[in-house]
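Subject: Structure handover

Hello,

Please find the structure below. My notes come after it.

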Amino acid sequence: MKDSRRKFLKKAVGSTLGVLAAPYIIPGTALGKNGAIAPSNRIVVGGIGLGGMGTGNTRGFLSKKEVQYVATCDVDANHRDKSVAMVNEKYKNADCRTYGDYREFLEKEKLDAVTIAVPDHWHALIGIAAANKGLDIYGEKPLARSIIEGRAMVNAVEKNKVIWQTGSWQRSQANFHKGAELAFNGRIGKIHHVDVGLPDGRTPIGTPPAMPVPEGLDWEMWLGPAPNVPYRGVCHFDWRWIMDYSGGQLTDWAGHHIDIAHWGMGTERTGPVSVEGVGEYPREGIYDVPVEYDFMCTYKSGITMRVANRRRLKNGMGTVWHGDKGWVYVDRGNTIQASDIKILEEKMGSGDTPLYKSENHIQNFLDCIKSRKETITPSEIALRSISVALLGEIAMLTGKKIDWNPDTEEITNNSYAQHLLRKPYKGPWKLEQNA
Amino acid sequence: MENNSKMHLKTMKNTFFLAVAVVLMFTRCSDPAGMNALLVTDQSGESSESIKAILENTGLFNVDVEGATPSLEGYDVVVLQMENGSLDENAKSSFADYVDKGGGVVVLGAAVKNLPEGLGNPSRGKSNEAYDYLVENINTMHPITKGLSQRWMHNSDYLLFNTTGIDGEVDVLATANADTIHGGSGKNIPVLFTLQSGSGRVFVSTLGNNAKKSMTCVGFIATLQRGAEWAATGAVTQEVSVDFPNSVSAHTWTSFQPLSLDELFEKSSTYTIGNSKKYLNDISQRIRSCDGKKETYAMYEDKILNFLQSNATVDSKIFLCHELSWIGSDKSKNALEKLVNDKDLSDAASYALQRLNL
C-alpha cells in the first residue's frame, strides 16, 4: 500500500509538465474533522539514531501535522525506550515500533522519509542504505567523515532521486539568510576574505580504563566500520573527540558556519583550490582530534577564508564576510552586524538575486518531499561544506599545503595527502562507491 | 702613473683587509660555541648542571659556572640562578655596570628578587603546588617568542607570584594565569619579560622552580636558550623545535635535548593502550613537520616497516600502521598484504591498505 502511494506521488510529480511545486497534500475533503491530516495521508517518518540530535529532530517532526512518525532505531536500548515513549505520548497510542539494527528497520518499515542522527562514522553507510530504499532523508551534519564517503552519498541521493535535507538549520534562520544574501549580492563590495570561527576543542581526558559495555548498548554495532576497541565509557556525544568517529569541533560545526560562509560567497557547490594550516593535537589520551585548529583556504576567485577555533579570531564564533566596501558578521542568537548600519537597512532590489528562503528547516524538508524540489541544504552543498573542514584536517595532519581541484575532487600536489581522502572501513562493512 | 699604482695598491690592501674582516666575521658567526656565557648560581648539583647543559646544548656558548661574586668581564651573557640568597650590593652594582655597558643578562626563577626597585617582590609567594600551567605568549613578534606556539603547556612547575603588577614597567613576552585554585589572585602575571638598561639587555624567566621536572620542559629550555642568545646578541638564530609544546600537552626533554628518531621508536615499542603514547605522537609530529620530500617519507616508511617486524607491542604497531596508511609506498603495500593474515594486525593492515590502494 505505502509503496504504491509513494510511487504514485513520484509519478504524479513527474507528470505535471515540470510544474514541480504542486503539493500532493490531500484536498480538504480527506482531512480529519478538526483540520488535521488523516494519518493515512501523512508523510510516514522514522528515525535512526535517537541520541541528543535525534531526539531534538524527532520532537521537531512530531510537531508537524503532516508527519506520521512510526518507528525508531538505535543501537542503545535506552534511546529506543525513550524515543518510543516520546512518540507514543504524542499520538496517545502504543504504535511506535523500534529496532536495534538499521538494516532490519529499513527492511521492515514502509516509510516515506527517515531522519538520521548517528555518529559521523556511520553517516555514509546508513545514508546510502536509506537512499537506496528510495527514502527521503533528513540527515545530520556533517554529511560524512570523509570526502570519498560524501561523494558516494551524493551519488546515491541523485541516483535514487530522493530528497535530502542536511541538518544545517542555520540556513533557515533569518539573520544567517540575510547576512549571506547581503554578502552574495555585493552589499559589502567584492568579497576578499572570510573569517569562520568555530568552537575551541575539548580538553583531553587521558585514557579511561576498559569497562563493561552498559546494558542495552550494542557496542559492536555502535563501532560498525570503525576499528575494534574496548568500551571505555566514551560513546554518546563524546565520540566527537576521537578521530575514528569525528574530526572534533571543526567537522561538527563545518555544516554551520562554513556552510553559511559558502552561501554568502557563492561557493556552495565548489570548494577551495588550496588549504594550509596548523592543528594542535593532544599527545596523550584517547581524545585525538585537534584542540586548536587554524587554516586558510584560497578559492579560485582569490577569496581567502580562514577557519579557526574561536579563541584565535577577533570575532570569535560565527562568520564574517569582508568586502572592499565593508563587512557583515553573523552568529547564533540572531546576531547580525555590519561595518555600516545602512548595509543592514537597505532592502533587496529587483537587480538582486534572492537566496533560497526557508523559515523552518524541517518544514522546508517536508515541503520538498511534496514538491520534489531541492531543499535549502541538499547533499551536494553539505558535501562542499564538510569538504573544507576535511581538507583542513588533511592539511593539518600532513603539515603541508594542499592544492585541491574542486571539480575532480583530487589533491593535485601531494600524492601522500590524497590517501587521507578515504576513511577506511573495518570488514565486513563496505562503502558502496558508485551508488 | 705612480700615483695610480699606489692608489691601486691601497685599494687592494683595503680589499684584502675587508675580505679578512668578512672572513673573520663569518668565522665568528659560524663558530658554534663562539660566545662565552657565565652561570652565576647559588645552586649545586642537578639544578645548576641542568642550566649549564641547556645553555651548552645551543651550540652557541662556552659556559663557566661561578658562585656568588663573580667578575663579569669578557662574557657575552650572564645567567643568574639564585634560589636562596640575594646578590650583595657589590655584586648588584657590578651587574648594573655590566648591563649598562651592553652586557646581556638572563635572570631565572627566584632570582627575580634581585631585579631593581621591587620588580620581583619575593613576599608575594608562589602557587601552592607545582602543576602544568598554560603560558601565553602575548608578544609573538619578539625574537625570543617569534615562531613559538602562542599558547603552550608548561610542565609541572610552581608559578611565582613575584612579578604581579609589573606589567607596565617591563616588556612582557608571556603570562600565565595565577588561578585561585592554586592560591593565586586570578590575574595573568608575567612569566617571561625583558628589561632594557643602558645598552644592555635583560631577559627574565620566572619558570623552572620545580627542579628537573620544570627544567626539562621544552618550553622552559627553548625560551631560556633563545633568551640567552637574545641577551647576548639582540637576535635569535635558533630554529624552533617540532617538540615545542602546544596548548594541550606539555613536552619534556629529559636530557635537555630532543630524542633521536631511533630513540623515539625504541621508547614507543613498549606502548600499550592506557599508557603514555607521547613517543608515538612525537613520531607523528616529526612526520607532520618533515620537509615533505619523497626520500624523507621513504626513510620514515622504512623505519616503520622495520618496527612492524620487531617485537614491539601490538598497540604500538597498530598506531604506526595509521602513519603508514598515508606515507607508505608499494613497499608498504607488499608488507601490509602479508600482515592482513596476522591475527593481531589484520585490521590495522587492512586499514592502511584501503588508503594506499586509493
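Predicted model: local features only at pLDDT ≥ 70, side-chain atom pairs only at ≥ 80, totals over all residues.

Residues are numbered from 1 along each chain as its sequence is written, chains are lettered from A and ligands numbered from 1 in the order in which they are written, and side-chain values use heavy atoms, with hydrogens and water left out.

Chain A has an open sheet of 6 strands, paired in parallel, in the order β3-β2-β1-β4-β5-β6. Helices (H or I, at least four residues) and strands (E, at least two) are DSSP runs, numbered from the N terminus; two strands pair if DSSP finds at least two bridges between them. β3 (97–99) and β6 (164–166) of chain A are at the edges with a single partner strand each, so one side of each has no neighbour in the sheet. From one strand to the next, the twist averages 20° (axes are lines fitted to C-alpha atoms, for helices over the stretch in contact; angles run from 0 to 180 degrees between N-to-C directions). β5 (residues 136–139) of chain A pairs with β6(A) over 3 bridges, and A:Gly139 has A:Thr166 in β6(A) as its bridge partner. Helix α2 (residues 52–62) of chain A packs on the sheet, touching β1 (43–48), β2 (67–73), β4 (113–116) and β5 of chain A (contact means heavy atoms within 4.5 Å). α11(A) lies across β1, β2, β4, β5 and β6 of chain A, at about 165° to β5(A).

One residue. A:Leu366 belongs to helix α11 (residues 361–371) of chain A. Is A:Leu366 buried or exposed? A:Leu366 is buried, because its relative accessible area is 0% (buried means under 20%, exposed over 50%, partly exposed in between; 1.4 Å probe, protein chains only). Leaving aside residues up to four places away in sequence, A:Leu366 touches A:Ile43, A:Phe61, A:Lys64, A:Glu66 and A:Val67.

Chain contact. Chain A gives 31 residues and chain B 36 residues. The area buried between them is about 2,900 Å², 52% of it from carbon and sulfur atoms (accessible area, 1.4 Å probe, that two parts lose on being put together, summed over both). The interface has 2 salt bridges (a side-chain nitrogen of Lys or Arg within 4 Å of a carboxyl oxygen of Asp or Glu). A:Glu292 and B:Arg151 form a salt bridge at 2.4 Å, N to O.

Regards
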